[in-house]
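I opened this structure to look up its pockets and its strand pairing. My entries are below.

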Amino acid sequence: MIKYRFKEHKINKSENIHFDNINEYSPYLKKDFNNHCCYCNTLDELVAPLPFEKDHFVPRAVFEKNNCLSLDNDYKNLMYSCPKCNGTKGKKHSGNIGKGEVVNDCFYNPVEVDYNSIFYRNEYGIIQSDDEKGKQMLKDLRLYRKLHAFAYVLEKYKTTKDILDQKYEQEENKNKKQVYEKALFNIQRKYIELTKIYCSNYYSKEFN
């Protein structure tokens, strides 16, 4: 079986930022996680107009119970997550958070661990893992669902569309430019069509 890379970008989280209002972190999360869900790697624009969410790596129910309220708006504890992964992750937690430590042994911290070393995709885009903890994460976050494979395929369409768009803009030969224009039109139309299907079925049980 051929194994394909799980994702193509790295997470570079901003340091030394602090806001009292958690919502002020939104643009930083979007940028630092390169517009992708930290868990399933879905591109945020695919679920628009649904907003991506601020996931607490150590869940609120846990840090409130342990009186570590600083983790509510500690940027190290905030992750950029799609609604599916954030809802599925829920209150799952294991480990000692001590004095406000960002620890959740149920999951690899996506900022500290390159998920390419844990997960890969098969020829259908389904997320898989040979790592024991990774396998448990597949179950706990339901990363195996077809929804995430569909998002992977959609992003491939978008990447191809962006490449064609760039070539079209740079091409000076009229005949070649027409070829790029036609190809760009076809893939743009297909991308819009598939994105509509994806969004309209985002919460469908059959789609999951």
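Entry on the model. I noted before anything else that this is a predicted model.

Entry on the largest pocket. I looked up its volume and found about 290 Å³ of space. I then checked its lining, which has 14 residues. Closest to the centre of this pocket are Lys13, Ser14, Glu15, Tyr75 and Lys76. I sorted the lining of the largest pocket by class and got 5 nonpolar, 4 polar and 5 charged residues.

Entry on the second largest pocket. Here I found about 240 Å³ of space. The lining of the second largest pocket is made of 18 residues, and Lys7, Glu8, His36, Asn41 and Glu155 are the closest to the centre. I asked which element gives the largest share of this lining. It is helix H5, residues 146–170, with 6 residues. By class, I recorded 7 polar, 6 charged and 5 nonpolar residues in the lining of the second largest pocket.

Entry on the sheet. I followed an open sheet of 3 strands and wrote down the order E1-E4-E5, with antiparallel pairing. I looked at the pairing of E1 with strand E4 (residues 120–121), which is antiparallel and runs over 2 bridges. In E4, Tyr120 is the residue that stands opposite Arg5.

Technical notes
Residues numbered from 1 in each chain as written. Predicted model: local features only at pLDDT ≥ 70, side-chain atom pairs only at ≥ 80, totals over all residues. Heavy atoms only, no water. 1 Å grid on protein atoms, 1.4 Å probe; cavity = no way out; pocket = protein on both sides within 12 Å on 5 of 7 lines; lining within 4 Å. Points joined across faces, edges and corners; volume = space filled by probe spheres on them. Nonpolar A, V, L, I, M, F, W, Y, C, P; charged D, E, K, R; others polar. Helix = DSSP H or I, 4+ residues; strand = E, 2+ residues; numbered from the N terminus. Pairing = 2+ DSSP bridges.
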